[in-house]
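Thanks for coming. I will go through a few local features, then the place where the chains meet.

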Amino acid sequence: MKILNCPLNGPRNISEFTYGGEFHRMPDPKHSADHVWAEHVFFHDNEAGIVTEWWFHNATSFWFLAERNTITDEVVRTFCVNELFNERVEFINDADPSANAEVK
Amino acid sequence: MPFGLLKYGLKKDYPGKHHFTPAADLKKHYDVVIIGAGGHGTSIAYYLAKYHNVKNIAVLDKGYLGGGNTARNTAVIRSNYLTEEGVTFYRESVKLFQNLSNEFDYNIMMESRGQLTLAHSDAAIRSFRWRAEVNQHLGVRSALVDRQTIKELVPNLNMSEDVRYPIMAGLWHADGATARHDAVAWGYAKGACARGVELHQLTEVEDIIVTKGKVTAVQTNRGRIACGCVVQAVAGASSVVAKKAGIRLPIHSYPLQAMVTQPYKPLLTPHVSSPHVHVYIHQTSRGEFVIGGGSDPYPLYNTRATLEQKESLSAAVLELFPFLSQARMMRQWAGVTDMTPDYSPIMGMSPVENYYLDAGWGTWGFKATPICGKTMAELVATKKTPKLIKPFELERFYRFEQINEAGATAASH
């Protein structure tokens, strides 16, 4: 069994985890066109080589990131999301003030 | 007779006819360059030469003919899908398969032994009834069957109610079949080569040259070739090759593992599949049981076999066929499957002019080989997308018109 080193729980069997997809920055929710969203949601780099991706520890509901080699099946490193996210992501669309009021 | 054989063996030049073009230098220019000499690539070349009088074609492969996923799939042919687009497309494929040996004058060992999909829950029965209705409406032989009929179709199947997931009903697909997968690629390559198509093995495409949004040439390890158009048919490496042309695809590549037992006398006639326990099995004409359907839990470009998959496939198949507990495994292998978000293939034009995509074949590529080749050839020759494959264009993801194919294989989905 392959071992994944969870930043929260330490080394655990990979069967305890779920793969969560490639890591990509979300497009700007205020100004992105439909085709940009389509690419963000459906399209992937699907690289042969070292990729950054989301993983999830099922038992503790903990999301984190990993760098993994998709050719050799080796995990290079795992790390917490705060390495890449250090500010709050705002989803409020200020182009539409009525929707804005509802969200708040 | 032994002397005749000895004489034959000692002859300097092999008196048999070569099926494929012998290795030759690449020409400077081809009208059509097909990347990938698997079933799909050779099938496109065959139909282009046969129906559209396009002969200046090179089929390139970094390995050898039929050596990729053509050799790694589990050779299942069926058309009992769920979406109208899917059923109509695969139905035409099954029809072409049925006449392929005659057409090639080459035995692809097609055997229409039927396919039985098992339901272990009420939800599955509901979805099978839906599938059967869609299938029958579109002229595909498919029916919901009860436990008694299942017993008659597959007497060896464990129908006990004292198991994890008792069998409640089944979806019987009389058109379901199997064929020798390698022979399909060989047959197409033979027919294509006889019509003047050049097959170039050990020829790797290193770069794809796009000028002003139009593909003009491919750079290979044996030199550069100018070309009128390019078709990529490289299941398992679709994203990697498309990237060379600057195209990003909605694909994640996962290995799918399968394994095969030692040969036994004929025991199992149809193909049996269980989406619930994630396994499918059939007995080949050589007597081996092919057991398939284990997708790895994360994307990978690697065809290693794992113990986890052996365990989960074995557990699932032993519940269905307990007598296999004594069987010895001969081989376990993997093929890389290009999974799309809607479990449907991607065929047609691409954002690059004259660059055609034959990709996203996940676990449904082998069974589509003839019809995909025929329709893609028509597209390449006429530059008009045939109606049958229009819904499968890459563009569908931008229009949010995915084809949610819930009738795909009993693998990861």
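A:Arg68 stands opposite A:Val75 in β6(A). Strand β5 of chain A, residues 62-69, and β6(A) pair in the antiparallel sense over five bridges; two strands count as paired if DSSP finds at least two bridges between them. Helices (H or I, at least four residues) and strands (E, at least two) are DSSP runs, numbered from the N terminus.

This is a predicted model, where local features need pLDDT of at least 70, side-chain atom pairs count only at pLDDT 80 or more, and totals for chains, interfaces and linings use all residues. Residues are numbered from 1 along each chain as its sequence is written, and chains are lettered from A and ligands numbered from 1 in the order in which they are written.

Back to the strands. The order β3-β4-β5-β6 in chain A makes an open sheet of four strands with antiparallel pairing. At its edges are β3 (17-22) and β6 (74-79) of chain A, each with a single partner strand, so one side of each has no neighbour in the sheet.

Next, helix α8 of chain B. Twelve of the 14 residues of α8(B) are buried, so the rest of the structure largely encloses it. Buried means that 20 or more other C-beta atoms, placed from the backbone, lie within 10 Å of the residue's own. Among the buried residues are B:Trp186, B:Tyr188 and B:Lys190. After α8(B) comes B:Gly196, with a positive phi near 100°.

Last, the chains together. In chain B, 20 residues are in contact with 13 residues of chain A, contact being C-beta atoms, placed from the backbone, within 7 Å. Elements giving two or more residues to that side of chain B are α9 (238-244) and β12 (252-263).

Terms used: Contact = placed C-beta atoms within 7 Å.
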